[in-house]
Amino acid sequence: MSLNTTSDPSAFEQLQKEKILNPAARSQVTQDLSENIILTTVDDLHNWARLSSLWPLLYGTACCFIEFAALIGSRFDFDRFGLVPRSSPRQADLLITAGTVTMKMAPALVRLYEEMPDPKYVIAMGACTITGGMFSSDSTTAVRGVDKLIPVDVYIPGCPPRPEAIFDAIIKLRKKVSNETIQERATVMEQTHRYYSTPHKMKAVSPILTGKYLATPTRQAPPKELTEAIGIEVPPALLSQKQKEKA
């Protein structure tokens, strides 16, 4: 049965007011006890605060960091997830390893991870970070998996992954953080099967290539046997030097 708007204008006006989802009038504060009290636990409150304020470290070694840097712009705007990029590892709790990690970079990466306060999380971004990628077959310096150095929470495959994939990893990491407990955090986050450690047993040796071999006499002038074999004329400076040596 349709409403006759011409016969009852007041009813039509009341119907239009009820359709307004966001009225201009001030909303009434309910006095119901169930809508003014929130029951939660310390774990849930602590996890909610942490997952809403993940601060990633500005760390990148290769082309994957370009995709990570695109998140800072207005197109993707990763600030809506509470992500605030930090330049100091002591103020960050998320490390996104964006790019290839070489053996020369491995000690610096481990040091940055160890300087981050607990609890901290790691996202391995890109194929080069996870398995070595295109460098895993013939490179002599690429690390075949960053999980050999530091524990990894979420892996992002791709070469390189899209910024949307980083958002997906952040959402998965937030779910992981929300399920943690204070009692189990010490055992869950304990690192196992660590291949690299800072206190190594390597011995420092003197460098082999010092550049002094360029100043050897054979480098300054060719030896006599070589000049005679090739048929090169002996320079006058070399002849005078040989005469001084004979005298």
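Modeller: One of the site residues, cysteine 128, lies in helix α5, which covers residues 127-130. The model is a predicted one. Cysteine 128 has a relative accessibility of 12% and, since buried means under 20%, counts as buried. Beyond residues up to four places away in sequence, cysteine 128 touches Thr100, Gly133, Met134, Phe135 and Val143.

The assignment itself comes from UniProt, where an unreviewed entry gives the feature "binding site" at Cys63, Cys64, Cys128 and Cys159. These positions span 97 residues in sequence, but no two of their C-alpha atoms are more than 10.1 Å apart, so they gather at one spot.

Cysteine 64 belongs to helix α3. With a relative accessible area of 7%, cysteine 64 is buried. When neighbours within four places in sequence are set aside, its contacts are Ala98, Gly99, Met125, Gly126, Pro160 and Pro161.

The largest nonpolar core comprises 23 residues, and Met125 is listed with Leu94, Ile123 and Leu173 as having the most contacts inside it. At least two residues of this core come from each of α3 (64-69), β1 (94-98), β2 (121-125), β3 (154-156) and α6 (163-178). Helix α6 supplies the largest share, 6 residues. Leucine 94 is in contact with, among others, Trp55, Leu83, Ile123, Ile170 and Leu173, leaving aside its neighbours within four places in sequence. There is also a second, separate core of 18 residues, including Leu109, Val110, Leu149 and Ile150.

Terms used:
Residues numbered from 1 in each chain as written. Predicted model: local features only at pLDDT ≥ 70, side-chain atom pairs only at ≥ 80, totals over all residues. Heavy atoms only, no water. Core = buried A, V, L, I, M, F, W, Y, C linked by side-chain atoms within 4.5 Å. Buried < 20%, exposed > 50% of the residue type's maximum accessible area, 1.4 Å probe, protein only. Helix = DSSP H or I, 4+ residues; strand = E, 2+ residues; numbered from the N terminus. Contact = heavy atoms within 4.5 Å. UniProt positions renumbered as here; feature names shortened; annotations may be inferred.
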